[in-house]
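Hello,

Here is the structure we talked about passing on. Please open it first, then read the notes below.

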Amino acid sequence: MDFQLVLVKPEGFDYVESFRETMEVLQESLTALGHGSRIQVNRIDADAIPILFGAHHISPESASRLPPQAIIYNLEQLEPGYPWFQPHYMALLARHRVWDYSISNLQRLALPGRTQPLSLVPFGFAPCLKRIHNLDTPDVDVLFFGIQTERRLTVLRALGDRGLKVVALRNVWGAERDGWIARSKLVLNLHQSAHGKFEWVRILFLLANGKTVVTEVTGDGIPHPALASALCAVAYDGLVDACVALVTDDGRRAELAQRALVAAATSALQARPGIAHAVSALTPADFQATLTRQTRDRHADYREYAEKPALELPFERFAFYLPQFHRCAENDVHWGAGFTEWNNVSRALPRFAGHEQPRLPGELGYYDLAADHVLPRQVALARNYGISGFMFFYYWLEGRPVLELPVRRFRDDPSLELKYFFMWANENWTRRWDGQEAEVLLRQHYSTGDAEAMIRHMVRYFHDPRYLKVGARPVLAVYRADLVPDLAEYRAVWDRVCRENGFGTPYLIMAQAFANDDPRAASFDAAMQYPPHPGLVRRDFAPADIRPTLTAYDSEFCGRVFDYGSKVASELALAERPFRVFRCAFPAWDNSPRRRRGESWTFTNSSPGEFARWVRHLCREEADSPGPLRMVCINAWNEWGEGAYLEPDAHRGYAYLDALYEALGSYRDAQPEVREIACHQSPAPAALSAVMPALPAAAAPGASLRETYIDLVRRSVIGLIHQDPPLAWDGKGLRRYDASDRELGRDWPSQAESMIGNRRMMQLQKAALQVIAENIPGDFIETGVWRGGACILLRAILKAYDIIDRKVWLADSFAGLPPPDEDHYPADRGDTHHEMTVLAVSLDAVKANFERYGLLDDQVGFLVGWFRDTLPTAPLHRLAILRLDGDMYESTMDALNALYKRVSPGGYVIVDDYGYIDSCRQAVEDFRRREGVTEPMEDIDGMGIYWRKAGKGAALK
């Protein structure tokens, strides 16, 4: 098996680096056991089983989207009163397999009804722990590292008062901490509270490196005899005396150090056996537990039915509808009496760990579409949760309709207030469910006569006012346009028959399935996505088949398995097409019940949250699409045999319907999610502070293409590549390029697109990457753009990360700065920026700069005019970055007044000339004082500053 060891590390929470020793021991042990493993920070990939360290920092929203096979390695004390004994974390531990170092923790988690396994995985010795070379003449008497509570500080101060050299480290980890350990005579282990547990990780790490340890002992005592002989263990009140005695007793310290090495090598304290036992529990032996969980237990996402207010939306919402759930003569003949799709659905079993099978229906049960109550209830559910219509699959085989009963009953009942249209499902019926696709049961004929007979049969439905039309044109979708031998002939027949019956020519939609993509090639009016078609190999960004990484329950299973979240990401990254396309999403997909012997496709790890994210994206696109028909589609309402259904089931209830309704109702407010783990930062240790990750001045060796591209754009827009000389605007005459001036933005390039210099441009790059990584919602804006260089970089970053739901805004008069309004803004008295023609760069020139970089598109917006006129009514909802470069008091204050309230918590406010122009600095300080803004300002290069708006925990990529 392959594992990924994931460290959940919010910004500013460096203490989680203390988990590194445990992760390294686990990695070394897994490798020795023949498994693949890698350590990652804040990222979960789809190709391995994730084991999470520091999962108590994951936000409740992200916790609900963790893959079901995720393992939580808990190293926290689960006792009432401890910071992480919180409902959201306990709920997370209840939903996932847990590995824990503490028996008492496992006893607390072993609640009645729990279905996920618990494994005791005590921290043990592994060779990788032994890495510190202790100094022969240590110069530190007592070392302590950890959070400095008053209980601990009391002892440390007392040691200092006794004349010892005491070093207390906080937020120091890795090699720096190890260096202090090497310099110390002894290390003091002191509990945070009087009820603290034995700290296995810290103590065994120290003993493995032959260190003398004085540890506080509580009522639980020392858990192993080998450890008891290697430690100086005393009660809290005796710690000071014990340390003083040992510091002066070289022989006793040497004896304890030797015993420490012996204890670490004790067979009962080795890490590998416990890890091997935990890994063995991941084998197919838990098939029965998986089956029980799927058939008996409710998922954490489970939702009850709820009445919803009606939605008024600028587009239709159609769900695909399968009419296969009733008895018909054709199925009786070929599959046995009474066969329906439920026969396949009910026989499904989990084929691999994490496989959500069987799918059990909820409220509607194993329904029969011939029953009177089913269609009305389906329509009522659909309407309640925002669906405006059904797209019925229409079967016309061997010259007659097949499976027509549901749509005929629908047409005959005018009380069913839902729109509908047909998709001609023009494939042969074969024994695909038995893996024998070559055996045709019912053949799809193609001829002029067949075309006319089918459309004349459809006309009776076209007359129904609920049938979807574009003007007078009935809508008709075709599943396999590539199988129709003469589409032009079919279209001519359909057009003629529709006109004869008083309709316009059909509005034809090509399903993008198999080889069908561009509707223009067949004179269709539009295309419709049909996920998971088209073939994944034709995607620029396609999820990988993860079946080889999964634990199989069925040795004959040969299906392909993909991660649902990766599928969503690939769909959100699709480029705009040069023809009309109706976008479509599926809530889940798994056609293994239909393909028991053949290859199937399964998208595992689907969740209502990811589905809602996909739907929101589709809605935003469709709301702005050209008419005459706007429509978002869902595959499907009831494709139970392919795991694609909105109808309530026994496992999640109405969760996907609820997610659909939420997405439809909130699509305008939605922002992209770039992170894969969001970190929950409360309660936060007061001593920790946020630190911006450092980025190199140029792409480092081995940098990715993405990083190299961003680096090249940044260096180009400020002229670091071509090193153009500065403008002579200041009367100093022509000068040569000076690297130090360009670094700090002290010259104005003659050719490059930005004058802000490398330091400020680097800070802007870091800020953009940070808000993307933390999923801070909102667009980017610069007020005062000169030639547009900073915004070109921001657009390049969005492009590099395939982010299509953020926009870069440029606000400028594109005619220079306004004359000073000295009556209203005395601080601008005497300002001469309006006389500097070099600052007046036209809109056309700025757009041309974007075009040269290939970055002028609809994700770049322009607000043309004075800030006081354009910014208050600008079409901006939320901002992740607000960069101010208006120079003057008036321009700076206008931008802050209009836009600061739109900056998201955690977003950046950057001021370009704070340290250079007095009036700009005064405007910032006046605004912050008036609005009570207290977040600290950080200097960039002596000229620019920034601060981050308070109120948001980190959400890390």
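Predicted model: local features only at pLDDT ≥ 70, side-chain atom pairs only at ≥ 80, totals over all residues.

Which residues of α11 are buried? In this helix, residues 272-280, they are G274, I275, A278 and V279. They sit on the same side of α11, because the arc they cover around the axis is only 135 degrees. P273 and H277 are exposed, on the face turned away from that buried side.

Next, R95. This residue belongs to helix α3 (residues 87-95). Its relative accessible area is 26%, so R95 is partly exposed. Beyond its neighbours within four places in sequence, R95 is in contact with A63, S64, Q116 and A300. L705 is 610 residues away along the chain, and 38 Å separates the C-alpha atoms of R95 and L705.

Last, N591. Look in the loop between β25 (589-590) and β26 (601-604). Is N591 buried or exposed there? N591 has 8% relative accessibility, so it counts as buried; the cut-off is under 20%. A polar atom of the N591 side chain lies 2.7 Å from the backbone nitrogen of W601.

Best wishes

Terms used: Residues numbered from 1 in each chain as written. Heavy atoms only, no water. Helix = DSSP H or I, 4+ residues; strand = E, 2+ residues; numbered from the N terminus. Buried < 20%, exposed > 50% of the residue type's maximum accessible area, 1.4 Å probe, protein only. Polar contact = N/O pair within 3.5 Å; in protein donor to acceptor, adjacent residues only side chain to side chain. Contact = heavy atoms within 4.5 Å. Arc of directions from axis to C-beta.
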